[in-house]
Amino acid sequence: ANDGQFQVRLRAPQGSRLEHTEATLLQAQDVLYKMVGKENVEIVSAFVGEQPPSYATLPIILFTSSSNEMIMQVALKPSYKVKNMDDFEERYRLALHQALPDVSLSYEPIELTDKIMSQGAATPIEVAIMGKDLSQSQIYAQKVIQAMKKIPYLRDIGLKEQLKNPAILINIDREKVKQLGLSLTSVSNSLTAVTSSSRYIQKMLWLDESNATSYDVQVEVPQNELTSVEDLAGIPLKPNSPRPVLGDVATLTRDHVISEYDRRGATRFLSIGANIYGKDLGSAAVAVNKALKEIETPPRGISVETRGEVGLLTQTLSSLQTGLLITLVVLLLMLAANYQSFPLSFTVLTTIPAVLAGSLLMLLACGSTLNLESYMGIIMSVGVSVSNAILLVTNAEEIRKAGSDSIQAGIQAAGLRIRPILMTSISMVVGMIPMATGLGESGGQTAPLGQAVIGGLLASTFASLLSLPLIFSMVQRKRTVHSVSLDPDDNHSLLFDHPNHLQTALLKNI
C-alpha cells in the first residue's frame with residue numbers, strides 16, 4: 001500500500017558491538033534524510049540489539065537475535081506523496097547498499113494484519129530447510145540461495161539465522177577450581193555478574209521510606225571496560241581479593257556459535273527469506289518452486305518447503321476459484337428451474353466470459369494483479385452482469401412466445417432493457433471510480449477491487465446489449481412457442497390424444 005510506512009531489518013557484520021550497531025543505524029537514518037528530506041519524515045522508531053529479559057514483547061511484533069541487528073520503522077508525512085512504495089523501497093535499498101556495503105537489509109511487513117497473514121515469516125517468500133544435521137542443512141541452504149539469486153526480481157535473499165556469531169569459549173578446569181578452594185557456582189556467578197548484572201545472581205531491593213516504593217538495585221560493569229579476552233580473563237573470583245582470576249582456572253578461546261535456533265517440534269530448520277520487486281507473489285512463488293526443482297535432490301533426512309504468504313495465497317485463491325465455480329453451478333440450476341430450459345440458462349451465463357476478460361484487461365492496464373481484492377471485484381461484477389442478462393433474456397423469451405421470431409425478440413428485448421442495464425452498470429462503475437484510483441490512506445490495497453468491477457461491468461454491458469441477443473436468437477431459433485405443460489389450465493398447453501403426440505412435442509422442445 002502507498003501509505004508512506006515501511007519496516008526494514010538491518011544487520012551489521014556479525015559480532016558487532018552495540019555501540020557500533022547504533023552508529024550504523026544512525027548512518028542508515030542519515031541516508032533516508034538525504035533521500036527524502038528530514039522535514040518529510042514524520043517519525044522513526046528503531047530498536048538496536050537484543051531484547052533484555054525484562055523487556056516484555058511478542059516475537060511477532062519485535063524479534064532480534066544478536067547485538068548486530070536493527071529494526072527501523074519509518075512513517076513519512078502525508079504531504080510527501082509516494083507514488084509507488086515498492087519503487088521507493090528499491091531506491092532506499094540501493095542507497096543503503098552504496099552507503100553501507102557491509103550491512104545487509106530486508107524489508108518486513110509493518111502492519112499487524114500483514115504480520116499475522118505472513119504466519120510468522122518475515123518476508124513474502126520463505127524457504128525452510130529442515131533436517132537433523134544442521135551442517136548438511138547449511139550446505140543445501142547455500143545451494144538454494146544461489147538458485148534463488150538467479151531470479152531477477154527477488155531481493156534481500158539470505159538466511160534468517162546467523163550461524164557464525166563470534167563468541168568466546170570458556171573451558172573451566174575443575175581440578176584447578178578445587179585446588180583454589182572455589183566451586184563452579186562461584187566461578188559462574190562471578191562471570192555472570194561482570195558480563196551481565198548482579199541481579200541475575202542476587203536480587204537486592206532498596207525501600208524508599210518517604211513514598212514506600214522499592215527499587216531494584218544492581219551492579220553492572222560498563223561494556224566498554226571489557227574490550228578484550230585479557231579483560232575477561234582478569235575477572236576476580238573471590239570477593240575483595242585480586243586473585244584468583246578467571247584466567248587461572250579456565251582457558252579462553254575465540255569461537256563461533258549459532259545465535260538463533262528455529263525448530264518445528266524437535267526438528268531444527270533454516271529459513272531463507274526473499275522480498276519481491278516488480279512482480280506479483282503468485283509468479284514469484286512459481287519461479288521459486290521451479291528453481292527448487294532444478295536443484296539436486298536434498299540429502300536423506302532433509303526436506304524443503306515454502307512458507308510465508310505463499311501458502312495463504314494458494315489456499316485463498318483456490319477457495320475463491322472453488323467458490324466461483326460453485327456459484328456458477330448454482331446459478332445454472334436455479335435458472336434452469338426458472339426457465340424450464342438448460343439452453344436459456346447457458347445463454348444467461350454467456351456474459352461471464354466477458355466479465356472475466358474485462359476485469360483481467362483492466363487489472364493489466366492498471367498494473368494490478370489477481371489477488372483477494374480483485375477476485376472479490378470479479379465476483380461482484382459477475383453478479384451484476386448475470387442480473388442484467390436475466391432481465392434481457394426473460395424479456396426476449398416473453399416476446400418470442402408472443403409470436404415474434406427469436407431474432408426480433410432479442411433485438412426488441414435489448415431495446416427495452418437498454419435503459420435499466422445502462423443505469424445499473426453506469427451507477428456502479430461511477431461509484432467504484434474513487435476506490436479504483438487508490439486515493440487516500442491504504443487506498444492501494446482496495447484499488448484492485450474497484451478496477452476489477454469497472455472492467456468487468458464495462459465488458460459485460462457491451463456483451464449483454466450486443467452479443468447476448470444474437471446468442472439468444474441462435475439458441476431459440478428452432479424452439480416452439482407452445483408449452484409442454486400437462487396442466488389443462490395452461491393456455492399454451494397442448495392437448496394430446498395419443499401418447500406419440502406427447503413424445504413428438506417433447507422432442508421438438510429439447
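This is a predicted model: local features need pLDDT of at least 70, side-chain atom pairs count only at pLDDT 80 or more; totals for chains, interfaces and linings use all residues.
**The largest core**

Begin by selecting Ile 125, Val 127, Ile 129, Val 144, Met 148, Leu 154 and Ile 272, which are the residues with the most contacts inside the largest nonpolar core, a set of 34 residues. Then colour the elements that give two or more residues to this core, which are strand 5 (125–130), helix 4 (134–148), strand 6 (154–159), strand 14 (267–276), helix 9 (281–294) and helix 10 (309–339). In soluble globular proteins, nonpolar side chains tend to be buried together.

Keep Leu 154 selected and ask what it is in contact with, leaving aside its neighbours within four places in sequence. The residues to look for around Leu 154 are Met 148, Ala 274, Asn 275, Ile 276, Ala 284 and Val 288.

**Glu 126 in strand 5**

Select Glu 126 next, which has its place in strand 5. Is Glu 126 buried or exposed? With a relative accessible area of 3%, Glu 126 is buried, because residues under 20% are counted in that way. When neighbours within four places in sequence are left aside, the contacts of Glu 126 are Ala 121, Ser 271, Ile 272, Gly 273, Glu 305, Thr 306, Arg 307 and Gly 308.

**Salt bridges**

Select Arg 264 together with Glu 305, whose side chains meet in a salt bridge at 2.8 Å, N to O. Because Arg 264 lies in strand 13 (residues 262–264) and Glu 305 in strand 15 (residues 303–308), this pair ties together parts that are 41 residues apart in sequence. Arg 264 is partly exposed, with a relative accessible area of 43%, and Glu 305 is also partly exposed, at 25%.

Move on to Glu 397 and Arg 400, whose side chains form a salt bridge at 2.8 Å, N to O. These two residues are three apart in helix 13 (residues 372–401), so about one helical turn separates them, and both of them are buried. Another pair to display is Arg 243 with Asp 248, joined by a salt bridge at 2.7 Å, N to O, where Asp 248 is partly exposed with a relative accessible area of 26%. To see a network of salt bridges, select Arg 9, Arg 11, Glu 69 and Glu 108, which are linked in this way.

**Helix 2 and its cover**

Select helix 2 (residues 85–99), which has 15 residues and reaches 21 Å from its first C-alpha to its last, close to the 21 Å expected at 1.5 Å a residue. Which residues of helix 2 are buried? They are Met 85, Phe 88, Glu 89, Glu 90, Tyr 92, Arg 93 and Leu 96. If you now show strand 1 (5–11), helix 1 (18–36), strand 3 (69–76), strand 4 (104–108), strand 6 and strand 14, you will see elements that are included in what covers these buried residues.

For the last stop, switch to a surface view and select Leu 325, Val 329, Leu 333, Phe 342 and Phe 346, which make a nonpolar surface patch of about 510 Å². Helix 10 and helix 11 (342–349) each give two or more residues to the patch, and helix 10 gives the most, with three. Phe 346 has its place in helix 11 and is partly exposed, with a relative accessible area of 46%.

Note on methods. Residues are numbered from 1 along each chain as its sequence is written. Side-chain values use heavy atoms; hydrogens and water are left out. A nonpolar core is a set of buried Ala, Val, Leu, Ile, Met, Phe, Trp, Tyr and Cys residues joined through side-chain atoms within 4.5 Å. Buried means under 20% relative accessible area, exposed over 50%, partly exposed in between (1.4 Å probe, protein chains only). Helices (H or I, at least four residues) and strands (E, at least two) are DSSP runs, numbered from the N terminus. Contact means heavy atoms within 4.5 Å. A salt bridge is a side-chain nitrogen of Lys or Arg within 4 Å of a carboxyl oxygen of Asp or Glu. The expected span of a helix is 1.5 Å times one less than its number of residues. Patches are made of residues with over 30% relative accessible area and no salt bridge: like charges are joined within 9 Å, nonpolar side chains (Val, Leu, Ile, Met, Phe, Trp, Tyr) within 5 Å. Accessible areas come from the Shrake-Rupley method with a 1.4 Å probe; for residues, only the protein chains shown count as cover.
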